[in-house]
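Reader: I have the model open beside the sequence and would like to go through it with you piece by piece. Could you start once it is on screen?

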Amino acid sequence: MPLGVLWLGLSLTLLGVLQIQAQDSTPNLIPAPPLLKAPLQPNFQDDQFQGKWYVVGLAGNAFSKEEQGKFKMYSTTYELKGDHSYNVTSILLKDQQCDYFIRTFVPTSQPGEFSLGNIKAYPELQSYTVRVVATNYNQFAMVFFKALTQKQENFKITLYGRTKELPPERKENFISFVKSLGLTDDHILFPVPIGASCFSPPPLPSYWPLHKVLPS
C-alpha cells in the first residue's frame, strides 16, 4: 500500500507527525521496537542540538523504496525555549511552494527524549515519542520517532545533517542502525536534494499555532 494511503498526507508523513487513518484493514507492518532499542545520546546537550538540520535519510515501517525519488530534501529547525522544550519548524517544497509545519517537542525526564506538545490536537494519537539516538551536534544526528494509535504503532528514523551531504560512513551507520530495528533496505529512503528556496524559516512569532501551514 502506498505511503500516502496509510498516513494522512505526505507532508505530515515526512515531518513525523504520524496521523494514521482509522481504517479497518492496515498492511502488515514490521512491529515497532521497544524504546530501549533506540538508546539515547549520552549527556545530551539541548543547546548544542538546536538549530537547522537537513533531512538526509529516512527509514520507517511504513516507508517503501517505491517512494524513492518522490521525497524531496527538507529542513527541520529546533528552537530551544526557556523550559527546554523545542519549537520545531519543518519546511518542505510541495506543489512549487514552501509549506511550513510547526510543533512543540516537550522534554521527558530522560535527557534527549521528548513527547509531542498539544497531543490532544490529534485524537487518534495515543502517544508520540522522540529520542535523539546519536549526534555530534555539528555534523549529524539520528533521531527515532514512535507513534502509537488505537490500531497500530508506527516508527521512523531520521538522519539529519548540518549540511545537505554527509560522509558515506554516516549513511552506513544509519543503515546499520535501521536494520538493527528490524527494517530492511526497502524501508530506507534518501531524499532528493533541492535548491535553497525552501530552507529558510519564515519570520514567525514564537506563539504561532501548532501545525500552521503557510504558502510561500
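Author: Let us begin with Thr 129, which is buried because its relative accessible area is 16%, where buried means under 20% relative accessible area, exposed means over 50%, and partly exposed lies in between, computed with a 1.4 Å probe on protein chains only. This is a predicted model, in which local features need pLDDT of at least 70 and side-chain atom pairs count only at pLDDT 80 or more, while totals for chains, interfaces and linings use all residues. Residues are numbered from 1 along each chain as its sequence is written, and side-chain values use heavy atoms, with hydrogens and water left out.

Reader: Fine. Where is Thr 129 placed, and which residues is it in contact with, leaving aside neighbours within four places in sequence?

Author: Thr 129 sits in strand 6; helices (H or I, at least four residues) and strands (E, at least two) are DSSP runs, numbered from the N terminus. Leaving aside neighbours within four places in sequence, Thr 129 is in contact with Leu 35, Glu 113, Phe 114, Phe 144, Phe 145 and Lys 146, contact meaning heavy atoms within 4.5 Å.

Reader: What is the nearest side chain of opposite charge to Asp 46?

Author: That is Arg 162, which is 11 Å away, and Asp 46 is buried yet has no salt bridge; in this count Lys and Arg are positive and Asp and Glu negative, while His and the chain ends are not counted. Asp 46 lies in helix 3 (residues 46–49), and beyond its neighbours within four places in sequence it is in contact with Leu 80, His 84 and Tyr 86.

Reader: Changing topic, how many residues does helix 4 have, and which of its residues are buried?

Author: Helix 4 has 13 residues and reaches 19 Å from its first C-alpha to its last, close to the 18 Å expected at 1.5 Å a residue, the expected span being 1.5 Å times one less than the number of residues. Its buried residues are Phe 174, Phe 177 and Val 178. They lie on the same side of helix 4, because they cover an arc of only 100 degrees around the axis, taken from the directions from the helix axis to the C-beta atoms. The face turned away from that buried side carries the exposed residues Pro 168 and Glu 172.

Reader: What covers the buried residues of helix 4?

Author: The cover includes strand 1 (51–60), strand 6 (125–135), strand 7 (140–149), strand 8 (153–161) and strand 9.

Reader: And what comes after helix 4?

Author: Helix 4 is followed by Gly 182, whose phi is positive, near 100 degrees. Leu 183 lies in the loop between helix 4 (168–180) and strand 9 (188–189), and counts as buried at 3% relative accessibility. The C-alpha atoms of Leu 183 and Asn 61 are separated by 6.8 Å, although these residues are 122 apart along the chain.

Reader: Last one: how many residues of strand 3 are buried?

Author: Seven of the nine residues of strand 3 (residues 86–94) are buried, so this strand is largely enclosed by the rest of the structure. Strand 3 pairs with strand 2 (residues 75–80) in the antiparallel sense over six bridges, where two strands pair if DSSP finds at least two bridges between them.

Key: Salt bridge = Lys/Arg side-chain N within 4 Å of Asp/Glu carboxyl O.
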